[in-house]
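Let's take a friendly walk through this structure together. Have the sequence and the 3D view ready as you read.

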Amino acid sequence: MRPLTLGSIALLCATPLIVGAQTVAITGGRVYTMTGAPIDNGTVILRDGRVAEVGANVAVPAGAQRIDATGKIVTPGFINSATELGLVDIGLERDTRDQSARGKDNIAAAFTVWEGFNPASVYLAPARNEGITTVVIAPSGGIIAGQAAVVDLVKGSISDMLVRAPVAMIADVADHQNNGPSARGELLVRLRELLEDTRAYSRRKADYERAATRDFAASRLDLEAMIPVVEGREPLVVAADRASDIEAALRIAREYNLKLIIAGGAEGWLVADKLAAAHVPVFTGAMSNIPSSFSTLGSYQENAAQLKRAGVDVVLIGDAGTGDAETFNVRNLKQEAGNAVAYGMSWDDALRAVTIVPARVLGIGDRYGSLEAGKVANVVVWSGDPFEFSSRAEHVFVRGTEIGTPSRQDMLEQRYRTLPPDYRKPQ
Amino acid sequence: MRTHLVLSFALIALGATACARQAQSAPAPQTPAQTTATQTPATRASGGPGAFSVPNADPFPSTYQPFPARATLIRNATIMTAAGPTLRGTSILLQNGKIAAIGTNVAAPADAVVLDGTNKFVTPGIIDDHSHLGVYSAPGTSGNSDGNEATNPVTAYVWAEHSVWPQDPQFPRNLAGGVTTLQVLPGSANLIGGRSVVLKVVPARTVQGMKFPGAKYGLKMACGENPKRVYENRGPSTRMGNVAGYRTAWINAEAYRRRWDKWNADHQGDPPSRDLNNETLAEVLRGNIYVHNHCYRADEMAQMIDIANEFGYKIRSFHHGVEAYKIADLLARDSISASVWADWGAFKMEAIDAVKANAALVHHAGARTIIHSDDPSGSQRLNQEAAKAMYAGRDVGVTVTEDEAIKWITANPAWALGLQDRIGTLEVGKNADVVLWSGDPFSVYSRTEKVWIDGALMFDRSDPAERWRTDFELGFVPELRLPGGSR
């Protein structure tokens, strides 16, 4: 029997389902295309789920729905590149936690986390309503946690929502105490062993099927899932914070020609030049400055700006909270970006770090992250500076459609706006 | 760094160990007169042959002394007093540890430092009435885990101050966030977790050196899931078990209070035996210790109010109160404050009804609203948290002005700690706990520039050389030095 290849799933998911049929014209706003200077009094036309036209002198098609964005700011939808949306709803309820695989000996490379995604999660709307249109949903736990995916926060099934799956393999060298090995060095040995065995398996599949190989360190499906990683086609996201852990990841990536991304990267500023030289992007936040573990002693809010200054591609993610930061507060990415600016990053770079940079790093830059003709119409109209608390996402288009579904929280607020509540009144 | 990528294990660990978010704690210290015993020479604690210790005699007195201060005049600033409308183009004078003058025409004393406040904002020092700094120190190792005495559902006998590590590197970061006063609470593993302590965010060798002189102690109580989860195997394992546990504790405390009050009045025979647990609870019943009650759900808060009425104590603040908006009218009626987050929720069943407008809706109903942190990171940015909560109110049609929202992190927590006459507002005669901001504190881009406590400059962003570094940081924490110096 031919081994199951998970690559076929990826191919199926590669093209987003187009859902927005209505033509929309957003006029009068300051438009941040992310590929050129901002356009004042710009017009953005959305048609068939795509951006049809962007510019200062664009005619509004007859019959288009008009959105007056005068005095407002128009940006691509924000991309939160490190979430557990739809994977974890209520952190302490096991029944709603689907982000961590049991795996085998702390390796779960075959784990396709998106297949357990919950499109009915009540935490999608709060994120979307505050301008997050696209998220990475990532597994966690273990040396190899599994494969992450990119999804658009549209309605429908996971098949409808997927943008790219897998988008990356997730590894964790930041938490060796919880990942099985009892020392950093042992964890790295396990990682190297897996990479070696993946190469061997890849070369000798036929022998493997005849049981004519030595035992490998991982299951067939895990080895299979690792092949695109060792071939440098699929990024390996390595969670690492201590400078020496980041350096270890850089070493291994160089030895095995991996396409590396560092996530967390608390002490990245200490090795910023090495990260830049190796062209390794970093997913990090700008609200963490506490030496909360011995791996994060050198935590500073300036880390993101320092990395950027050194030439590293910085993708801003949330890191100020714990579990809820990845579900309920996926929406707080804009606060992270604002703090990045307060601590040294330019405003333009911070906006790039939540739009075009993640799109490119995630390999979807041809379709996402900017406002250009032909791109997927994920667009937000902000009442003002998107990073400011005073600003609201007034219109959020995902694939050309404004979903605008009230969140569960909206319903509760309505219900209890006057006390006592009327429990029979429809919300 | 806590990315979701490394998070799941941490979350599970939380469930087991009741870290700050899962577990909570209660409020503040005191020194003022408690029982009459402390005023009776015959019963003064003195040690030695023939003497005896007495309850509540302030056995760990504050040794805090204000730091050296120069008179300071900030000119032409925007001053959010938390006691009235924002004053623009106004000056404020800090002198002898107090706020000496506020006005448009304040003369600088001869030796005063004069600062130009043009385009800058001045607020009272931020007060966080829910912190675990020092009891859950960084790094968060097992060796530093001192916040939950999770060995008994009722541990009114423990005092948070006995866990506080003054070298916790989170203290200077908190100060840099504008926080000048903290209530450090035990965690929420227990029904009754123990005494809190109120600290000034200042460097000191001992916790006594940080204790806010004269501040009352608080008692940490906790509802709901945390105690039930921690004591699942020995009980309480249900919410009804929780309630039975509170009531049993108060029944015992009542009897203890009567015995001691009688003895204090008549001094007949030997004094009753001391019991640390009941000493603290009796002080709550006498009104000398404030109850700070971790409670998420509206229905449980209503039950806790009934329990307080049954035993005749007051709840000073419900902490977390993610459903406070559902019973905001009850809170207003009984003068109970709500210490809440701006936007945390969803992490457990009792948190699923969290709404961003919670603070604004509670405020709108007339109850005293507080934005607290329960988190060393959020505590540094309570201004940002208050901003989110304020604008969330506007989104549902509840207009909260900046003049009101600033009280959520200053005047109102001062009230929760019983320190409203000394801190929390910028008024002449109040302690000179003051923050100078680079801009509007409700903007994401604004940062603290300077922080004063009792008139002494304790943090100056423009002067990294003088930055408070804890013992722990020396050698362990690599220093980030930026071109130009300031951070």
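Let's start at Ile262(A). In this predicted model, and setting aside neighbours within four places in sequence, Ile262(A) is in contact with Val238(A), Ala240(A), Ile246(A), Ala249(A), Gly268(A), Leu275(A), Val280(A) and Val282(A).

From there, step back to the wider setting. Ile262(A) belongs to the largest nonpolar core, which holds 270 residues. The members that touch the most others are Ile262(A) together with Ile137(A), Val238(A), Leu316(A), Ala340(A) and Val122(B). If you look for the element that gives this core its largest share, you will find strand E9 of chain A, residues 162-172, with 8 residues. As background, nonpolar side chains tend to be buried together in soluble globular proteins.

Next, find Gln99(A), in the loop that runs between strand E6 (78-83) and helix H2 (124-129) of chain A. Is Gln99(A) buried or exposed? Gln99(A) counts as buried because it has 27 C-beta neighbours inside 10 Å, and 20 or more are enough for that label. Now look for Asp68(A): Gln99(A) and Asp68(A) are separated by 31 residues in sequence and by 41 Å in space, C-alpha to C-alpha.

Finally, turn to where the two chains meet. Here 65 residues of chain A are in contact with 56 residues of chain B. On the chain B side, at least two residues come from each of helix H1 (7-17), helix H2 (170-176), helix H7 (328-333) and helix H9 (382-395). H1(B) supplies the largest share of that side, 6 residues. Sorted by class, the side of chain B that touches chain A has 33 nonpolar, 13 charged and 10 polar residues.

Definitions and conventions
Residues numbered from 1 in each chain as written. Chains lettered and ligands numbered in written order. Predicted model: local features only at pLDDT ≥ 70, side-chain atom pairs only at ≥ 80, totals over all residues. Core = buried A, V, L, I, M, F, W, Y, C linked by C-beta atoms within 7 Å. Buried ≥ 20, exposed ≤ 12 C-beta atoms within 10 Å, placed from the backbone. Helix = DSSP H or I, 4+ residues; strand = E, 2+ residues; numbered from the N terminus. Contact = placed C-beta atoms within 7 Å. Nonpolar A, V, L, I, M, F, W, Y, C, P; charged D, E, K, R; others polar.
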